[in-house]
Amino acid sequence: MVVALAVIGGAVVWATSGGDTAREPDETAADTASVTAIEESAAETEAEIPAEPEIAPEAEVAVPDVPAVPELEVQPVPGARPTTTRRGDDAPSDEDALAAEMRELAEARRALASEPARALAILERGRREHGPRSLFAEEREALTVLALAALERDPEAQRRGERFLAAHPESPHAERVRRSIEE
């Protein structure tokens with residue numbers, strides 16, 4: 001005997017086929033009646049399921065004419081120079097170089113409180129890699145003065161601090177540099 005199961009309209013339908021010589025004839029008739037009842041129930045269930053609602057076609061939206069955006073000519077920042085030289089596709093982008101320089105400065109700031117010698121080494125490496133005209137040269141020099149003061153290298157901190165304050169009197173770092181060399 002073969003038993004088949006199917007799902008029709010969310011109802012489970014099963015049917016048997018093939019003969020089993022040991023079965024009584026009225027059992028087969030009962031099975032057939034059950035299958036017929038299940039099939040009728042499934043048909044009724046399918047009839048009760050509402051049809052999917054029709055979706056209205058999308059209305060077209062009028063977009064006003066937008067004026068073209070003019071091309072802008074980018075002017076270099078006076079005194080600044082690119083932090084990398086392009087050697088081809090494998091050269092880092094300016095954004096990558098700036099991100100690397102920012103990470104170095106963040107690392108130096110973290111090291112300044114507990115490891116000023118390490119901070120100074122990071123800052124010197126950055127000065128060599130990015131040059132004195134990088135976008136973060138001012139902050140790097142201010143942190144260098146702070147690191148020198150923390151290492152009690154007072155004459156060097158004093159000299160570089162005074163040079164920093166003369167070059168950047170309105171710098172956001174000026175007050176901190178001033179305090180570090182006055183102590």
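Modeller: Let us begin with E141, which counts as buried because its relative accessibility is 16%. Buried means under 20% relative accessible area, exposed means over 50%, and partly exposed lies in between, using a 1.4 Å probe and protein chains only. This is a predicted model, in which local features need pLDDT of at least 70 and side-chain atom pairs count only at pLDDT 80 or more, while totals for chains, interfaces and linings use all residues. Residues are numbered from 1 along each chain as its sequence is written, and side-chain values use heavy atoms, with hydrogens and water left out.

Biologist: With which residue does the side chain of E141 meet in a salt bridge?

Modeller: The general idea is that side chains of opposite charge can pair when their charged atoms come close. The rule used here asks for a side-chain nitrogen of Lys or Arg within 4 Å of a carboxyl oxygen of Asp or Glu. E141 meets R127 in this way, at 3.2 Å from N to O. R127 belongs to helix α3 and E141 to helix α4, so that distant parts of the chain, 14 residues apart, are linked. Together with E124 and R160, these two residues are linked in a network of salt bridges.

Biologist: How many salt bridges does the rule count?

Modeller: The count comes to twelve. One of them joins R140 to E101, with the closest N and O atoms 2.5 Å apart. Since R140 lies in α4 and E101 in α2, this pair ties together parts that are 39 residues apart in sequence. R140 is buried at 2% relative accessibility, and E101 is buried at 0%. Compare E175 and R179, whose side chains meet at 3.9 Å, N to O. Those two are four residues apart in helix α6 and are therefore separated by about one helical turn. E175 is partly exposed at 42%, as is R179 at 45%.

Biologist: How many helices and strands does the chain have?

Modeller: There are six helices and two strands. These are DSSP runs numbered from the N terminus: helices are H or I with at least four residues, and strands are E with at least two. Along the sequence the pattern reads β-β-α-α-α-α-α-α.

Biologist: Which residues of α5 are buried?

Modeller: A general point comes first: an α-helix has 3.6 residues a turn, so residues three or four places apart point the same way. In α5 (residues 154-167), the buried residues are A157, R160, G161, F164 and L165. They fall within an arc of 135° seen down the axis, so they line one face of the helix. The arc is that of the directions from the helix axis to the C-beta atoms. The face turned away from the buried side carries the exposed residues P155, R163, A166 and A167. Cover for the buried residues includes α3, α4 and α6.

Biologist: Which residues of the largest nonpolar core touch the most other members?

Modeller: In soluble globular proteins, nonpolar side chains tend to be buried together. A nonpolar core here is a set of buried Ala, Val, Leu, Ile, Met, Phe, Trp, Tyr and Cys residues joined through side-chain atoms within 4.5 Å. Of the 14 residues in the largest one, L112, L123 and L143 touch the most other members. α2, α3 and α4 each supply at least two residues of this core, and the largest share, five residues, comes from α4. Not counting residues up to four places away in sequence, L143 touches L105, R109, L112 and L123, where contact means heavy atoms within 4.5 Å. A second, separate core of seven residues includes A142, F164, A174 and I181.
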